[in-house]
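I open this notebook to record what I looked up in one structure, entry by entry.

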Amino acid sequence: MNPFDGTGSPRHEEAADGGVSRCPWARFSSWLECVCVVTFDLELGQAIELVYPQDVKLTEKEKTSICYLSFPDSYSGCLGDTQFSFRLRQSVGRRASRFREDVYNRDAPVTLQTEVSHFFGYVYFRQVKDISVKRGYFQKSLVLVSRLPYTHLFHSLLQIIAPEFFEKLEPCLEAVCNEIDQWPSPAPGLTLNLPVMGVVLQVRIPSKTDKPGGSPVRQTTTQDLLPTPTVLPTIHELDLFKCFQSVLIHLHILWELTLLGEPLVVMAPSPTVSSETVLALISSISPLKFCCDFRPYFTIHDSEFREYTTRTQAPPNVVLGVTNPFFIKTFQNWPHVVRLGEIKMAGDLPKQVKVKKLSKLKTLDTKPGIYTTYKTFLHKDKILIKRLLKGIQRKRPSEVQSAILRRHLLELTQSFIIPLERYMASLMPLQRSVTPWKTPPQIRPFSQDEFMTTLDHTGPQLTSGLKGDWIGLYRKFLRSQNFDGWYRHRHKEMTQKLESLHLEVICDADLLGWTKDKSEVEIVDLILKLREKLIKARRQQLQVKDGVLDKLDAFINSIISSLPEDLQTVLNTH
């Protein structure tokens, strides 16, 4: 079977048995799609030297994208070791969703769910002088390809395996992949010990039931574990303060642009800065999921280059991270461009970039700055900025500064989202309106005008002291892809909740009593409808009270056994 022919992969077949029957690479594939080694070939340019596991079938388009995205472009001048991330579109026809991923996504925070149509690439690139090579340099990248946005975990993993790999090459990689294939699958809410190359990484997989911004759950080290685990405090969070240190005074602009899903380009001096800044922007609106496209590192060789740089239509709603200075000309018609340089200090403080007019974005040596004509709806939070700048002067550790920043962004986003959540909850039918003999009632439609009227009494002013035009920000947000994605997700959750309630009231009803005076046609109709509901409930992993599904199964079987034999045969074969 072709692993990616659109009908499923043998490595993804660890299905409804929860992985009891061990298929080759089943556990590995719950963490990674594959590991690639990309090298520089004098005749071919960048080329994939090795893919592991060997049964993985990447399309030619995916291989080409991975090749170009795994090397910094020549303008970055990256000598030594460099780490960065990218995100690429999967080829059409892949069958991604499997039972295991559905279960994971059901319990994971929406911002950490598996990607359906994209892969993440986590890169460790080495470029060192080597006189034995024609070009005079050893150039190679080790790339972890995954559907999971576990940036910190995978880069920590690369720091362990890449230096060894560059010394020992293929045998080392095979051993690492076999170790990863012994790892337990990522399960939200659990703390896992992940052994690799003599090190044990201890991680906790976040759950959607975690309190946003709460302290990480204290991880207990098992006494008999040798070696003692290396505890990673997070699997996905970045050093926000480091990422934003030159734009701190303009953070409110960047938060609004990200919230609204505006077209945004980050021009950075290296793929590391480019990818970290883009990922930091995406995470700045957490716990809201960023629903537009984003590319932490984007090159002119990208298959979407023409699509994203055409001048015949408005720029798409995408955040791009680039390093090639020639992009300045390409993106002159984009409404928002962040140009970052090497961090310069002004005394103790990182020099802050200025907001500049787009017309000044012309030459290749364009100075760092935020090039936009965007006017923010909300005022700047001067207290936060003072607190962070004072922290720099007092030499406050970066992780503490990041925690302050993350807390502020979380509270700001929550203040914005809570009124929407409250209004959405009011659209849910009353529980007493769910009855066993009728289809579940519909969720009321979302009315923008009605929502706006709720803001006077239950708006963000209840939880945020920030002044500004909150109404204007909501109006623009309601037209964005981020609102559309949020609404669809909440509507799906509410629909599933109604389905669960409906199953529970059916289970509590006197179904046998109902069938006593009914015709065979009506009884068969009931059986078929109940079966359909059960299949749907199991497929969608609906969360219902214990025993409900089994009780309905038993009821269906007892009703069928009371019917004439010919009907029993028909119903039992369907």
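**Entry 1: the second largest pocket.** I looked up the second largest pocket and noted about 600 Å³ of space in it. The model is predicted: local features need pLDDT of at least 70, side-chain atom pairs count only at pLDDT 80 or more, and totals for chains, interfaces and linings use all residues. Residues are numbered from 1 along each chain as its sequence is written, and side-chain values use heavy atoms, with hydrogens and water left out.

For the term itself I noted that, on a 1 Å grid over the protein atoms alone, a pocket is an open set of points with protein on both sides within 12 Å along at least five of seven lines, whereas a cavity is a set of points where a 1.4 Å probe fits but cannot get out; lining residues have an atom within 4 Å of a point. A volume is the space filled by probe spheres set on the points, which are joined across faces, edges and corners.

I counted 24 residues in the lining of this pocket, and those nearest its centre are Lys438, Thr439, Pro440, His502 and Lys533. At least two lining residues come from each of α15, α16 (511-515) and α17 (520-539). Helices (H or I, at least four residues) and strands (E, at least two) are DSSP runs numbered from the N terminus. The largest share of this lining is that of α17, with 8 residues. By class I recorded 11 nonpolar, 5 polar and 8 charged residues. Here Ala, Val, Leu, Ile, Met, Phe, Trp, Tyr, Cys and Pro count as nonpolar, Asp, Glu, Lys and Arg as charged, and the others, Gly among them, as polar.

**Entry 2: α15 with α18.** I turned next to helix α15 (residues 481-508) and its packing against helix α18 (residues 548-561). The two pack at an angle of about 50°, with their axes 10 Å apart. Axes are lines fitted to C-alpha atoms, for helices over the stretch in contact, and angles run from 0 to 180 degrees between N-to-C directions. The two helices are therefore oblique to each other; angles under 35 degrees count as roughly parallel, over 145 as roughly antiparallel, 65 to 115 as roughly perpendicular and the rest as oblique. In contact (heavy atoms within 4.5 Å), Leu503, Glu504, Ile506 and Cys507 of α15 meet Val548, Leu549, Lys551 and Leu552 of α18. This contact has 6 nonpolar, no polar and 2 charged residues.

**Entry 3: α17 with α19.** I returned to α17, which packs with helix α19 (residues 565-572) at an angle of about 20°, the axes being 12 Å apart. The pair is therefore roughly parallel. From α17, Glu520, Val524, Ile527, Leu528 and Arg531 meet Leu567, Leu571 and Asn572 in α19. I classed the contact residues as 5 nonpolar, 1 polar and 2 charged.

**Entry 4: the cavities.** How many cavities of 30 Å³ or more does a search of the whole structure find? I noted 2. The largest cavity holds about 120 Å³ of space. Of its 16 lining residues, Leu251, His252, Asp381, Leu384 and His408 are the closest to its centre. The helices α7 (251-259), α11 (382-393) and α12 (398-426) each supply at least two residues of the lining, and the largest share, 4 residues, comes from α7.

The second largest cavity has a volume of about 50 Å³. Its lining includes Lys61, Glu62, Arg89, Arg295 and Asp302. By class that lining has 2 nonpolar, 2 polar and 6 charged residues. The helix α2 gives the most to it, with 4 residues.

**Entry 5: α11 with α12.** The axes of these two helices come within 10 Å and cross at roughly 170°. They are therefore roughly antiparallel to each other. Among the residues making the contact are Leu384 of α11 and His408 of α12.

**Entry 6: the backbone.** Most residues other than glycine have a negative phi, and most peptide bonds are trans. I recorded a cis peptide bond between Tyr52 and Pro53, with omega about -5°. Pro53 is in the loop between β2 (45-52) and α2. The bond from Ser286 to Pro287 is also cis, with omega near 15°. Met197, in the loop between β6 (191-196) and β7 (199-204), has a positive phi, near 50°.
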